[in-house]
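Thanks, everyone. I will go through two of the ligand sites, one after the other. Please look at the structure first.

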Amino acid sequence: MKKFFLKTMGCQMNDHDSEVIRGLLLSLGYAETEEVEEADLILYNTCCVRENPERKVYGHMAGYKRLKEAKPHLLIGICGCMTQQKEERQNILRELPHVDLIFGTHNIHRLPELLARAEGGERVVEVWDEAPYEEEGQDFRENLPVERSHRLKAFVNIIYGCTNFCTYCIVPYVRGKEHSRLPESILTEVEGLVEAGYKEVTLLGQNVNAYGKDLSIDTSFSQLLTELNAIEGLARIRFTTSHPRDLGPDLIDALAGLDKVCEHLHLPVQAGSSRVLRRMNRGYTREQYLDLVQKVRQAVPEIALTTDIIVGFPGETEGDFQETLSLVEEVRFDSAFTFIYSPREGTPAARFADQVPEEVKKERIYRLIELQNKISAEHIQGLVGTKQEVLVEGTDGQGLVGRTRTNRQVHFAGSQELMGELVTVEITEAGTWTLRGRVVQPQA
Ligand code: SAH
Ligand code: SF4
Ligand code: F3S
């Protein structure tokens, strides 16, 4: 039996695409291996949002040349966001002559045919600039085989692409226009998941709050949440990512009122200075963001807020950066993903004249991480002694592992029979990122 090695980089959308790729490869009779040396097919599902992961792909691929020399029938493929950039694609073709197969984010369903051609000895390159939507509902992405990496919680796409064009960001260029799935397709998928024993879904989109806006029917993200909340047997609903500009009162009501929608909101702020936010084309000011946070917390006091922050955006002064620090202190996020600005070819900000020197960016990110770590530690320590609803998701070798509604991992002792159940756990200890506790009540 032929074996594939699949490496996934980037965000949850890529994670989920890899679940489809895995499903397709298994249906072709391939088996998966974790050992790259054992593979007959090495496939990298790539990310290009920052430069580092891209460089890593070139580094790894250079190493596989030796494998290919030892095993000439070995096929090497690259897919995902990186290949959607024309220049990058040409670069791969030139610098990595041992790569046999390149496809993009819009034609994953074509993998069986493309792979067959590569197996026949052809160097196959097929990347589409956009997904061809003939008409609503006629989406080739529906009904593909999916091999999910978890059996209790599942990723579900609700909206593809992004049309926001933040000036630093490559995603709109590599993922295409916003395109919402039809509500009935999503509901059918989630109902099927629940029937198969899944308890939790995470709804995916670069901007879930824009859900439905491109459809001809009258619907919205909050309406979708309301419909999903009614599915019997589903325990939890999560979603990512919310764009602050499109987060309206109806979503706040949904967070507050729908029992299955978990109290966690990932709300990327990117910067604390209104001047920088404007240059980023984010569509909100510092004050509007803070006001939104206040409204959300008023409606859902126990909510966990997490965020993404970029430091060293072109033109960011020390004063602007201080505003990011003060916003972080004011909001007190549960946690934050922090990034050094990475110029992406083809995006407006890469051409801005006032790029920030690398040492300044580094020094700023250290200060930001230090501050956020202190706040994160205070949040997690504050949970000791509280009782939390935990979905039992797996084992850690010694006991059980699960997550709180606010998306914190908890380790605790208990019988395997609790798997997939909601239990109440009293938190007894807090580490840097994870919690320890004891079950005080298995719920029905
Ligand atoms: N759609 C999401 C973000 C997807 S990309 C949103 O708008 O919230 C994930 C994160 O990567 C972004 O939130 C941003 O913080 C970061 N990012 C995107 N482009 C970047 C770049 N050129 N340099 C550094 N970080 C970047
Ligand atoms: Fe990128 Fe902005 Fe779209 Fe997020 S909303 S994917 S940061 S362009
Ligand atoms: Fe990266 Fe593509 Fe996601 S660029 S962040 S994998 S959409």
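Start with ligand 3, which is surrounded by Gly10, Cys11, Asn14, Cys47, Cys48, Val49, Cys81, Arg175 and Gln206; a residue is near a molecule if one of its heavy atoms lies within 4 Å of it. By class, that shell has five nonpolar, three polar and one charged residues. Here Ala, Val, Leu, Ile, Met, Phe, Trp, Tyr, Cys and Pro count as nonpolar, Asp, Glu, Lys and Arg as charged, and the others, including Gly, as polar.

A word on the source: this is a predicted model, in which local features need pLDDT of at least 70, side-chain atom pairs count only at pLDDT 80 or more, and totals for chains, interfaces and linings use all residues. Residues are numbered from 1 along each chain as its sequence is written, chains are lettered from A and ligands numbered from 1 in the order in which they are written, and side-chain values use heavy atoms, with hydrogens and water left out.

Now ligand 1. Its shell holds 15 residues, and the closest are Gln206, Pro268, Gln270, Asp308 and Ser342. Gln206 also belongs to the surroundings of ligand 3.

Which side chain has an N or O atom 2.8 Å from a nitrogen atom of ligand 1? That is Gln206. An oxygen atom of ligand 1 is 2.7 Å from an N or O atom in the Gln270 side chain. The protein covers 91% of the 540 Å² of accessible area that ligand 1 has on its own (Shrake-Rupley method, 1.4 Å probe).

Finally, the shell of ligand 1 divides into seven nonpolar, four polar and four charged residues.

How values were computed
Polar contact = N/O pair within 3.5 Å; in protein donor to acceptor, adjacent residues only side chain to side chain.
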